Amino acid sequence: MFRPASRLAPIGVSEILKITGLATNLKREGKDIIVLGTGEPDFDTPDHVKDAAKRAMDAGATKYTALDGTPELKAAIRLKFMRDNGLDFGLDEITVSAGAKQVLFNAMAATLEAGDEVIIPTPYWVTYADIVLMMGGKPVLVPCRESNGFRLAAEDFVRAITPRTRWVMLNSPSNPSGAAYSEADYRPLLDVLMAHPHVWLMVDDIYEHIIYDSFRFATPAALEPSLRERSLTINGVSKAYAMTGWRIGYAGGPSALIRAMAIVQSQSTSCPSSISQAAAIAALDGPAEIVRERCCSFQARRDLVVAALNKIEGVTCRVPEGAFYTFAGCGGLIGRHTPDGQRICSDSDFAEYLLRSVGVAVVPGSAFGLAPYFRISYATSVSELEEACRRIALAARRLT
Ligand SMILES: Cc1ncc(COP(=O)(O)O)c(C=O)c1O
C-alpha cells in the first residue's frame with residue numbers, strides 16, 4: 001500500500017483544485033461553464049521573447065547552465081532591479097529558479113527549522129503556507145480587514161511576532177485581493193521590522209507591472225536600505241510577460257541566503273531551463289510598451305467586473321490596485337436559500353451554487369484564508385466576463 005510521507009499530512013487538497021475539478025467534470029458532461037479561476041494572463045508570450053528562445057536553441061544553449069542562473073540573465077535581472085526599483089544587487093545576490101514558486105520553496109527550505117513561524121497576512125496565496133508546512137514551519141495567518149484595504153495593519157503585525165518568527169511574507173499587488181501597498185502603506189510595517197531585528201522579510205512582487213490608475217509601485221528593500229540585509233525580493237516573468245509556462249522566477253537578497261538557496265536548488269532541479277533563461281533576458285531587456293498596453297487591457301476588464309459586481313444586491317467589490325483578480329464580498333447573500341431550498345451557509349456554498357446553477361467557476365475566499373468572499377480572475381475575454389457577471393447577477397437574484 002502506498003503511504004505518503006508524513007510531511008504531506010498537513011497539506012490538504014486546496015479549494016481551488018476542488019472547484020476546478022468540479023468545473024472540469026461539468027464541462028466534460030457538456031455543460032456551458034465559464035471558468036474565472038485561472039491565475040495566468042490570457043495573452044500570448046511576446047514574439048520577440050519566443051524568437052530569443054529559438055535563437056538560443058539554434059546556438060546550442062541546450063545544456064545545463066550555471067546552478068542558479070546564467071551570468072547573462074543575472075546581469076539582465078540586476079539591470080531590471082536598478083531600473084525599476086532602484087535596488088543595486090551584485091550578481092552573487094541574485095538567484096534564478098523555475099518560477100517564483102521555486103524561489104519561495106528554496107528560501108523556506110534553506111532557512112526554516114521545525115516550529116519556526118512565518119507571518120502570512122490573509123487573504124493569501126495558499127502556496128505560501130503550504131511550503132512553510134512542508135518544511136515543518138508554522139504559518140501564522142493574520143487576517144487583513146477589507147476596511148484596511150486587505151493590507152496588514154501594523155498593530156496586527158506586532159501582535160503576531162514571537163521569538164520564533166523567522167519571516168514575514170508580503171505580496172503586492174496581491175493574489176487574491178489585488179490590493180497593493182504604496183510607500184506610505186509600507187512605512188508602518190517597516191518601522192515594526194526595524195524594531196524586531198530577528199524577523200526577515202520576504203516580498204513577492206510578481207504582479208509589479210500589473211498596476212492601475214496612478215498607483216505607484218513600491219518595494220520595501222528599496223524604501224528602507226537598512227532592511228536589505230534581511231530581505232528577499234522575489235519577482236518573475238510569468239505574469240508581466242505572459243510566460244507562465246517558461247518557468248522563470250528570480251530574487252535579490254543577501255549573498256549568504258542566496259548561496260544557501262542554491263544548495264537546495266542544486267539537489268532538486270540543478271538549474272532553470274537554459275532556453276527559458278535566454279527568453280527571460282529578451283523579456284526583461286525588451287520594450288516596456290507591450291507590458292503597458294496589456295495592463296491597460298486588464299484595467300478595462302477590472303473596471304467592467306468591479307462595476308458589474310457592485311450592482312448586485314448582497315455583493316460588494318473593492319477596486320483593486322493591481323494584479324488581475326477581484327475579491328468581492330458575498331456576506332449579504334449568506335443565509336439566503338437557493339431555488340431548490342438549499343441554504344447558502346458560506347462562500348464555498350455560494351461558489352458551488354454559482355457553478356452548478358449558472359455555470360460560473362469562481363474561487364471562494366475561504367480558499368485564501370478570508371471569508372465570506374469570492375475571487376474572480378479577469379484574465380479572460382471581455383465577452384466571457386460580461387456573460388459571467390450577467391449570470392452571477394441572475395444567480396444572486398434567485399436567492400431568497
Ligand atoms: C502571488 C503569486 N506569487 C507567485 C506565483 C508563481 O509564479 P511563478 O509562475 O513564477 O512560479 C503566483 C502564481 O499564481 C502568484 O499568484
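Ala, Val, Leu, Ile, Met, Phe, Trp, Tyr, Cys and Pro are counted here as nonpolar, Asp, Glu, Lys and Arg as charged, and the others, Gly among them, as polar. By this scheme, the shell around the ligand divides into three nonpolar, eight polar and two charged residues. A residue is taken to be near a molecule or strand if its C-beta atom, placed from the backbone, lies within 6 Å of it. The ligand is surrounded by 13 residues, and the closest are Gly-99, Ala-100, Lys-101, Asn-175 and Ser-238. The structure is a predicted model, in which local features need pLDDT of at least 70 and side-chain atom pairs count only at pLDDT 80 or more, while totals for chains, interfaces and linings use all residues. Residues are numbered from 1 along each chain as its sequence is written.

We turn next to the domains. Their bounds come from an automatic or database domain assignment, which gives domain 1 (6–44 + 290–395) and domain 2 (63–285). The centres of the two domains, taken over C-alpha atoms, are separated by 26 Å. Where the domains meet, 30 residues of domain 1 are in contact with 29 residues of domain 2 (contact requires C-beta atoms, placed from the backbone, within 7 Å). The elements named below are DSSP runs numbered from the N terminus, helices being H or I of at least four residues and strands E of at least two. On the side of domain 1 that touches domain 2, H11 and S10 are the elements giving two or more residues. H11 gives the most, with five residues. By class, this side of domain 1 has 15 nonpolar, eight polar and seven charged residues.

Strands S10 (residues 325–329) and S13 (residues 373–377) run antiparallel and are joined by five bridges. Ala-328 has Phe-374 of S13 as its bridge partner. In the loop between S12 and S13 lies Pro-372, joined to Ala-371 by a cis peptide bond with omega of about -5 degrees.

A second open sheet has seven strands in the order S2-S8-S7-S6-S5-S3-S4, and its pairing is mixed. Here the edges are strand S2 (94–97) and strand S4 (138–143), and the twist averages 20 degrees from one strand to the next. S2 pairs with strand S8 (residues 249–252) in the antiparallel sense over four bridges, and Ser-97 has Gly-249 of S8 as its bridge partner.

The axes of helix H4 (residues 100–111) and helix H5 (residues 127–134) come within 9 Å and cross at roughly 35 degrees.

Conventions. Pairing = 2+ DSSP bridges. Contact = placed C-beta atoms within 7 Å. Axes fitted to C-alpha atoms, helices over the stretch in contact; angles between N-to-C directions.
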